Amino acid sequence: MTAHLLLVGGEDHELRIPFLLALRRNGFHVSAAGTGRPEPFARAGLAYHRFRFDRSANPLADLRSLASLADLFEEVRPDVIQSFDTKPNILVPLAARRQARAKVIRTINGMGWLYSSNNPVALALRPVYCALNQIATRWTAATVFQNSVDRAYFESRGMVGAGRSRLIPGSGVDVTAAEPASACGDCGLTLRADLGIGTSPVVMTVTRLTRQKGIPTLLDAAALVHATRPEVRFLLVGPREGEGRLAVSQAEIDAHAPYVIATGRRADVPRLLGLADVFAFPTQYREGVPRALLEAALAGLPLVATRMPGCTDVVDHGNTGLLVPPGDPRQLAAAILELLDNREAALAMGQCAAALVRREFSLDRTVDRYAGLYAEVLSGR
């Protein structure tokens, strides 16, 4: 009998569509639930259930989300409910506690602002979320971690419980669908003209344009690089609107024109990666395994990232890229310049990065790992 998997995530759940489709190709009945747009799931032929939750601390909204999820689980009756992201990883086990047949798997895909920031609000909420995670373990059959640092953090604080603990890095990248950086040809020239970057060397990032993602540090580093190499252009790809008080302002970005260009959210990221010479990822978050880093590595780009959990699983300093301290624009600028000035070494790092992703983070390998876990959980072994 085909097992029915319901995967529950947040606003960016559509990024997991390739993972969901790969699971379906492996014989699972797959549905999704999230807070984002339904259209991408409809185009992929996936059943999608939309619900709402408040990303901030809002107990009344959380209670409404719990009730909504409980009703959804009662209606769909899946065999496995898998959750992603900080708040769903708490709400889903609590909402599923009356579903005797459903097995809950939490996926810790990074620990984000709540566990990374020294902001007084984050420090106050952290013990609350740790306690809620301890409670959620009562209805959790397995907890999946994308890096060993997060796993150690959860286990040391009793946030795994009696369920299985499994390390599965990332949600997988479809290595067969990736375009090589040289595949753009004439379309690359057109794209450069549209973006106004001409023949300039390009440093690119793909992320939400927020302070916690290190964008102010990248802007300061861009100014330092510009002083030495004024022809270099920085391409910032990702949403700013909708990120609330965490977002960098448009005025902050405009202060670095014309050498910094913010494109907003784009659907053609693989083509944009083909224009880049260096990929920078200045996050100050505890990441899971950043998909943006994996996709950039697969495109053969040398990487510059911060020494944060998740980033260090992809960037091996001096081998697949360079690591710098978070929040340090001078070291970030120095690393970017090193890769721009030493192209032979940079290209070798890019090739090593692509080989690492194909070997360790491919979609097929990831799906095989999850399929094994589903079989264990469903059989009760």
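**Close-up 1. Pairing of β8 with β11 in the predicted model.** Strands β8 and β11 run parallel and are joined by two bridges, in a structure that is a predicted model.

Close-up 2. Six strands, in the order β10-β9-β8-β11-β12-β13 and with parallel pairing, form an open sheet. Because β10 (260-264) and β13 (321-324) each have a single partner strand, they stand at the edges, and one side of each is left without a neighbour in the sheet. From one strand to the next, the twist averages 20°.

**Close-up 3. Helices packed on the sheet.** Helix α9, residues 215-228, packs on the sheet and touches β8, β9, β10 and β11, its direction making about 165° with that of β9. Helix α13, residues 329-341, also packs on the sheet, where it touches β8, β9, β11, β12 and β13, and its direction makes about 170° with that of β13.

**Close-up 4. The largest nonpolar core.** This core has 38 residues, and those with the most contacts inside it are M204, L235, L272, L273, F279, L293 and L303. Among the elements that give it two or more residues are the strands β8 (202-206), β9 (233-237), β11 (278-281) and β12 (303-306), together with helices including α8 (186-195) and α14 (343-360), while the largest share, six residues, comes from α12.

**Close-up 5. Surroundings of L303.** Neighbours within four places in sequence being left aside, L303 is in contact with residues that include F279, L293, A296, A297, V314, V315, L322 and A353. A second, separate core, of 34 residues, includes L94, V104, M111 and M159.

Notes:
Residues are numbered from 1 along each chain as its sequence is written. This is a predicted model: local features need pLDDT of at least 70, side-chain atom pairs count only at pLDDT 80 or more; totals for chains, interfaces and linings use all residues. Side-chain values use heavy atoms; hydrogens and water are left out. A nonpolar core is a set of buried Ala, Val, Leu, Ile, Met, Phe, Trp, Tyr and Cys residues joined through side-chain atoms within 4.5 Å. Buried means under 20% relative accessible area, exposed over 50%, partly exposed in between (1.4 Å probe, protein chains only). Helices (H or I, at least four residues) and strands (E, at least two) are DSSP runs, numbered from the N terminus. Contact means heavy atoms within 4.5 Å. Two strands pair if DSSP finds at least two bridges between them. Axes are lines fitted to C-alpha atoms, for helices over the stretch in contact, and angles run from 0 to 180 degrees between N-to-C directions.
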